[in-house]
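Q: I have a model open and want a quick tour. Can you walk me through it?

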Amino acid sequence: MRPHIIYCYPIWHTVSFSLIAKKHIEGLRRYTKVYEWDELNLPDIYPVKPYVLLVHPMFWCTWRWCQQLKLAEPSLDRALENLSKRFEKYEKAVGIDVADSDGISDLAVKLTEVYDEVVVPSDFARRSYVRSGVKVPVRVIPHGLDLEWYDSPPISIEGVSNQALRVLWQLKQMSHRKLLLFWMWHSPERKGWPEVLVFYERLKRERDDVALVVKTGGPLNIDVERAKRLGIINVFGWLTEEEKMFLYDICDVTLLFSRGGGFEVCGLESLARGTPAVGHRMGAWAEYMPDWLLCREGLRVRVFPDNQIHVGYGYTVDVDDALDKVHEILEDLAEYRARVREYAVRRLRGVYNWREVGKRLWEVATDGGVPEGG
C-alpha cells in the first residue's frame, strides 16, 4: 500500500518556500494522497496511522515547534526529545531546507537530528550541512520548472495585460536598449545588491545602450535616490508564470550576483527562456550554469551578520570580470542566446523539471519505491 504524505509548509502567507512546496505537492500527488498542513499548526498533528511527514522549511518550523512545546523544564534537548517521540508515529520524517552559506550553526545541526533524512536543493547545500556536522542522510533534489518554461515560444505582447510589463516592452522597442534583469525579492545584501549598483554605475559609463530592470516584491525601498539617478527601472508586485516568462524573454542578461543561496531559481528560469545569466563560480547556481557564463568570485564574506541558522560565508562577484563577461555577451547577443537555448534543452530540461523532482522526492519518501508508470 502506498503511504500517504503530510506536507507541512507556510500556507498562512506566501514565501519562496510556499511556491516550492506547492510544486512538490503537485508532483507527489501523481503517486499518493497528500495532506497539506500549515507550518503554524505543526504541533497539532497527531496522526492515528502511519504517514510520511515532510516539513518545509525544516529549520524554522522545527525551531518554532520547540519554542511552543513549553515544557515544565524548557531546554532544547528536552524539546528535541519530545519531537523525536512524536516523529516515531510517522513512517518517516523528512526535513526540507536550504543552505544560504557554506556553514550552518550548531543549533541548526541539532534541529536536523529528529529527522530520518534531510533534502536540500544542491550539492553546495549538502556540503554545507555535512561540513557543519549533520549526521542524518542529506539528499540532493534540485528545484525545477514546468516544462513550458523550456518549450513555449517567446510570449507575445498581445497576451500580456500587466501594465508595467507593457510599458517596459514599449521602452525597449522605442529606445533599442539592452535590458539587464536583477531579481531582489529579499535580503538585498545576500542577493548582491551592493555589487549590482557598482557594476551598473560602471557599465553606464562604458556604454549608453543599457537599462537595468530590478524586480522586487514591493516598490524599491533601498538606495532609492541612487537608483533614480542611475535610471533603474523597478518592476514590482506579483507576476504570473506567463508574465515572468515574458519578463525574461524581453530582457537580455540576468545578473545573478548573489553572495549566497541554496539554489537561486532565477538563474534556471533565465536559462530556460534562452536569456544568458551571469554569476560567479563559487555558488550553488554553478551546478546548473555552463562554465562560459560564470565569472570570477570576489571577496569571501559573511552572508548574514546575525542569522541563527546560516552562519557561514559566501562570495561577492568580481565586478571587473562580470563587466567583461556582460560586454562580451551584449556584443554577440544572438549567438549567446542560441547557445543558452541549446544548453537548456540538452542539459537542463530533463533534470530540472517539476515532474522529475516529484519522482525523486517520492523515492526519498518511500526509500526508493516508485510505482509502475511513475
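Q: Start with strand E4. Which residue is the bridge partner of Leu53 there?
A: Ala93 is the bridge partner of Leu53 in E4. Strands (E, at least two residues) and helices (H or I, at least four) are DSSP runs, numbered from the N terminus.

Q: Before we go on, what am I looking at?
A: This is a predicted model, where local features need pLDDT of at least 70, side-chain atom pairs count only at pLDDT 80 or more, and totals for chains, interfaces and linings use all residues. Residues are numbered from 1 along each chain as its sequence is written, and side-chain values use heavy atoms, with hydrogens and water left out.

Q: OK. How many bridges do E3 and E4 have, and in which sense do they pair?
A: Four bridges, in the parallel sense. Two strands pair if DSSP finds at least two bridges between them.

Q: What is the strand order in the sheet?
A: The order is E2-E1-E3-E4-E5-E6. It is an open sheet of six strands with parallel pairing.

Q: Which strands are at the edges?
A: E2 (34–38) and E6 (138–140). Each of these pairs on one side only.

Q: And what is the average twist?
A: From one strand to the next, it averages 25°. Angles run from 0 to 180 degrees between N-to-C directions, and axes are lines fitted to C-alpha atoms, for helices over the stretch in contact.

Q: How does E1 pair with E2 and E3?
A: E1 (residues 5–9) is parallel to E2, over five bridges. Ile5 stands opposite Val34 in E2. E1 also pairs with E3 in the parallel sense, over four bridges. On that side, Cys8 stands opposite Val55 in E3.

Q: Are the faces of E3 covered or open?
A: Both faces are covered. Val52 and Leu54 are buried on one side, Leu53 and Val55 on the other. Buried means under 20% relative accessible area, exposed over 50%, and partly exposed in between (1.4 Å probe, protein chains only).

Q: Which strands does H1 lie across?
A: H1 lies across E1, E2, E3 (52–55) and E4 (92–96). It runs at about 170° to E1.

Q: At what angle do H1 and H15 cross?
A: Roughly 75°, with the axes coming within 8 Å. H1 covers residues 16–28 and H15 covers 354–365. The two helices are therefore roughly perpendicular. The angle classes are under 35 degrees for roughly parallel, over 145 for roughly antiparallel, 65 to 115 for roughly perpendicular, and oblique for the rest.

Q: Which residues meet there?
A: Ile20, Lys23, His24, Gly27 and Leu28 in H1 meet Trp354, Val357, Gly358, Leu361 and Trp362 in H15. Contact means heavy atoms within 4.5 Å.

Q: What about Cys251?
A: Cys251 is in no disulfide either; the nearest cysteine sulfur, that of Cys266, is 12 Å away. Cys251 is buried, with a relative accessible area of 0%.

Q: Last one: where is Arg126?
A: In helix H5 (residues 123–132). At 36% relative accessibility, Arg126 counts as partly exposed.

Q: What is Arg126 in contact with?
A: Leaving aside neighbours within four places in sequence, Val120, Val138 and Val140. Asp102 is 24 residues from Arg126 in sequence, and 9.4 Å away in space, C-alpha to C-alpha.

Methods:
A disulfide is a pair of cysteine sulfur atoms within 2.5 Å.
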